[in-house]
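Here is a short tour of one protein chain. Keep the structure in view as you read.

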Amino acid sequence: MKVFIFASALSLVGSCATKRYSEKIQDIKDNIVFENSQQIKEISKTIDSSELKKLVYDLSSSEFQGRKTGELGYHKASNYIKDYYINEAISSPLGENNYYQQIPESFFSDDIKSSQNVISYIKGTEYPDEVIIISAHLDHEGVKEDQIYYGADDNASGTAALMEIAQAFKIAQKKGFGPKRSIAFLHLTGEEIGLKGSTYYTDHPVFSLKNTVANLNIDMIGRVDEKHIENPEYIYVIGDDRLSTELHYISEIANDTFTNLELDYELNKESDINRYYYRSDHYNFALKGVPVIFYFNGEHEDYHKPTDTPDKINYPLLQKRTQLIFTTAWYLANSKNRIVADKK
Ligand SMILES: [Zn+2]
């Protein structure tokens with residue numbers, strides 16, 4: 001269906017049908033207005049490269065042993081995140097101090113032990129039952145042949161971004177700008193072994209999927225790939241137009257208003273041979289009809305190698321990308337009407 005809509009729009013250039021289509025798009029764009037944009041800008045400044053750097057260094061330290069699903073290092077990293085949320089007074093939807101969605105060993109295959117997703121949230125003021133889920137996988141490859149796979153970009157970068165975004169929304173709430181819809185911060189396990197944590201979550205959702213407005217998934221946003229070495233102020237945006245026309249324009253307008261990154265859609269093409277759209281946790285949400293955006297910096301020479309270390313992250317760029325995701329989530333959480341998934 002989605003392909004048909006675009007194909008017909010393209011093939012009818014100059015016709016009435018095209019005009020109606022472009023008018024519809026213009027209407028969608030005209031309706032996307034950031035109220036309190038000065039306030040949003042101020043709050044997004046609390047997302048800070050030095051705080052992100054501290055988090056990425058901690059998360060990818062040898063203490064956490066490459067955060068392999070089910071292993072001690074992963075449990076320690078989960079505990080680190082839980083303590084962070086307790087410290088920031090960001091609560092859990094699972095009950096007091098219970099930040100873990102436990103996943104039994106039987107759910108995993110081979111030698112993988114039981115593990116957990118880590119979740120916190122901020123309750124919406126007007127539509128608390130509707131939720132925006134921002135996610136990042138916490139697990140990585142662990143230790144192989146005595147080498148720690150630190151996973152600084154994959155995915156300490158996304159994990160740190162998620163923690164800073166949560167903190168920014170909490171600061172907003174304290175200033176009287178709490179989100180109208182609820183926002184959940186979901187740290188997923190088992191991504192590297194087949195999107196297990198998100199499969200479990202979408203099979204056992206904490207918030208009903210029907211009331212899940214969108215999923216913004218962050219997986220590797222701290223580095224620059226070969227294509228962009230000359231112009232590093234970019235991010236690949238994947239999946240944003242697949243289920244909701246509106247979501248694509250919200251993302252673009254958030255970027256135009258606050259961050260001015262190059263949004264690169266090359267990896268969103270159906271023809272992309274790497275099929276990234278199908279390869280990280282957002283895809284399990286998309287399968288259930290939830291509109292998604294996947295934020296990704298592309299692959300690089302240290303991808304899935306022990307050399308993916310925190311000294312190689314571009315922290316000012318990580319800050320800017322995190323601010324883009326924050327402002328996009330802000331709109332989704334505060335817009336008058338919930339976004340529509342019109343392309344199912
Ligand atoms: Zn990853």
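The centres of domain 1 and domain 2, taken over C-alpha atoms, are separated by 32 Å. Domain 1 covers residues 1-31, and domain 2 covers residues 37-334. These bounds come from an automatic or database domain assignment.

This is a predicted model: local features need pLDDT of at least 70, side-chain atom pairs count only at pLDDT 80 or more, and totals for chains, interfaces and linings use all residues. Residues are numbered from 1 along each chain as its sequence is written.

**Overall form**

The protein chain has 10 helices and 10 strands. Both are DSSP runs, numbered from the N terminus: helices are H or I with at least four residues, strands are E with at least two. The C-alpha atoms fill a box of roughly 65 × 45 × 40 Å along the principal axes. A compact globule of 344 residues would have a radius of gyration near 20 Å; the chain has 19 Å, which agrees. That radius is taken over C-alpha atoms, and the globule rule is 2.2 Å times the number of residues to the power 0.38.

**The annotated span**

UniProt, in an unreviewed entry, places "domain: Peptidase M28" at residues 117-327. UniProt positions follow the numbering used here, feature names are shortened, and annotations may be inferred rather than shown by experiment. The end C-alpha atoms of this span lie 25 Å apart.

**Two crossing helices**

The axes of α4 and α10 come within 8 Å and cross at roughly 105°. Axes are lines fitted to C-alpha atoms, for helices over the stretch in contact, and angles run from 0 to 180 degrees between N-to-C directions. The two helices are therefore roughly perpendicular, a label for angles of 65 to 115 degrees.

| Helix | Residues | Residues in the contact |
|---|---|---|
| α4 | 49-59 | S49, L52, K53 |
| α10 | 315-334 | Y315, P316, L318, Q319, T322 |

Contact means that C-beta atoms, placed from the backbone, lie within 7 Å. By class, the contact has four nonpolar, three polar and one charged residues. Ala, Val, Leu, Ile, Met, Phe, Trp, Tyr, Cys and Pro count as nonpolar, Asp, Glu, Lys and Arg as charged, and the others, Gly among them, as polar.

**Backbone exceptions**

Most residues other than glycine have a negative phi, and most peptide bonds are trans. Q65 is not a glycine, yet its phi is positive, about 50°.

Technical notes: Parallel < 35°, antiparallel > 145°, perpendicular 65-115°, else oblique. Contact = placed C-beta atoms within 7 Å.
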